[in-house]
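Trainee: Please take one part of the surface and walk me through it closely. Then follow the charged side chains from there.

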Amino acid sequence: MVQEEITLEALEAQPKDTYLLVDIRDEAAFQFGHMDGAVHIPANELPERHAELPKDRLLVIYCRSGIISEDAAAELREDGFSAVNLVGGYVQWLQRKIRRETTGEKAAEIEQSLRKKFHRVIFSRFAKAVNTYDLIQPNDRIAVCISGGKDSMLMAKLFQELQRHGKFPFELVFLVMDPGYSPENRAIIESNAKLLQIPITVFETNIFNSVYNVENNPCYLCARMRRGHLYHQAEVLGCNKIALGHHFDDVIETILMSMIYGGQVETMMPKLHSANFPGMQLIRPMYLIREADIKHWCSYHNLRFIQCACRFTDTCTTCNPSSNTSSKRQKIKQLIAELAEDNPQIEKNIFRSVENVHLNKIISYQQNKQFHSFLDDYDNHPEKPKE
């Protein structure tokens with residue numbers, strides 16, 4: 001009988017030189033994290049790249065959760081390869097890896113790195129944002145919102161460091177909302193929290209079920225609903241602020257997205273008053289931290305977090321991306337990267353553009369829902385605009 005699949009336990013019993021791991025997820029997912037020693041061939045490229053694969057070794061094919069990879073392995077067997085599907089895929093391997101980590105020692109090592117190796121590029125920029133934008137006051141009770149990704153998990157550790165070594169007292173609640181995660185993703189979030197010694201408070205909603213069949217802008221609706229639930233739960237827990245893990249790259253991408261796709265100039269603010277929850281504020285203390293440094297921190301400690309826990313990707317849709325699944329934000333990210341190849345100052349200049357707004361050289365602007373035009377005081381201006 002031809003072998004069609006293999007479990008992680010059986011794979012670990014195999015000599016490593018007898019098989020080859022093939023990751024068929026998309027490039028972003030592979031770069032975010034992959035099984036040790038795996039080669040990367042996206043699912044949509046696999047049929048035309050069969051010639052690159054050896055026929056004298058067992059090919060172990062995996063995707064996110066072992067769905068698309070099952071068909072990919074079957075096609076390889078039809079082409080004369082010895083190929084099997086890895087049961088559970090990357091997610092199950094990641095869960096197993098996390099369970100094996102030594103919790104106390106690993107957490108201490110990570111905390112030490114934020115004080116030493118990553119102090120300048122991560123912790124000092126976190127502290128700078130807190131001070132520059134006056135994000136935390138004495139006796140604040142802050143709901144640190146954790147999605148399970150790299151950004152929010154790092155933010156939680158930074159808050160712990162700041163609380164431990166800060167100048168004044170404040171309280172923290174590490175809040176995790178489960179909008180309908182798969183059991184695998186829920187387990188990864190809980191395992192990582194345990195590994196990093198973050199005492200999370202989890203509450204459940206049915207948001208994913210609510211938006212699953214929405215055809216128009218389900219992601220926008222999901223984001224709005226998640227934000228509302230977070231505010232409400234934070235209020236219930238006596239918090240006066242919620243903290244989100246948006247970083248510097250998120251900020252500059254938002255600036256360009258608003259201009260190119262929205263026809264307006266605006267950005268993701270470092271803090272905001274809630275319109276629907278009086279007395280509640282949203283803060284973004286990761287505002288000055290670069291995504292590349294966050295990724296370096298993750299890879300340095302060999303940490304693996306969930307990339308996207310959305311219901312729409314739970315069936316491996318990210319393994320087989322198309323023009324329908326690529327986001328506007330990803331396009332903007334690629335555009336910035338291309339521009340930065342010629343000018344390394346591009347990212348900083350985009351950020352500074354919303355700090356250095358010259359109103360006398362703006363055609364019109366809005367403030368507090370009031371429209372203002374350069375024509376309002378054009379003839380009364382003491383210094384006429386120069387060409």
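Mentor: L339 is partly exposed, at 37% relative accessible area (buried is under 20%, exposed over 50%, partly exposed in between, with a 1.4 Å probe and protein chains only). The model is predicted: local features need pLDDT of at least 70, side-chain atom pairs need 80 or more, and totals for chains, interfaces and linings use all residues. Numbering runs from 1 along each chain as its sequence is written, and side-chain values use heavy atoms, without hydrogens or water.

L339 sits in helix α13 (helices are DSSP runs of H or I, at least four residues; strands are E, at least two; both are numbered from the N terminus). L339 belongs to a nonpolar surface patch of about 540 Å². Patch residues have over 30% relative accessible area and no salt bridge; nonpolar side chains (Val, Leu, Ile, Met, Phe, Trp, Tyr) are joined within 5 Å, like charges within 9 Å. Areas are Shrake-Rupley values with a 1.4 Å probe, and for residues only the protein chains shown count as cover.

Now the charged counterpart. E4, E5, E70, D71, E75, E78 and D79 form a negative patch (Asp and Glu count as negative, Lys and Arg as positive; His and chain ends are left out). Each charge is placed at CG of Asp, CD of Glu, NZ of Lys or CZ of Arg. Helix α3 (residues 68-78) supplies the largest share, 4 residues. D79 lies in the loop between α3 and β5 (83-86). D79 is partly exposed, at 37% relative accessibility.

Next, the paired charges. The whole structure holds 24 salt bridges (a Lys or Arg side-chain nitrogen within 4 Å of an Asp or Glu carboxyl oxygen). One joins R96 and E12, at 3.1 Å from N to O. R96 is in helix α4 (residues 89-100) and E12 in helix α1 (residues 8-12), so this bridge ties together parts 84 residues apart in sequence. R96 is buried, at 16%. E12 is partly exposed, at 44%.

E111 and R115 also form a bridge, with their closest N and O atoms 3.9 Å apart. Both are in helix α5 (residues 103-115), 4 residues apart, so about one helical turn separates them. E111 is buried, at 11%, while R115 is partly exposed, at 31%. In the R49-E45 bridge, the closest N and O atoms are 2.7 Å apart. E45 is partly exposed, at 29%. Finally, a salt-bridge network links K150, D151, E253, E291, R329 and K333.
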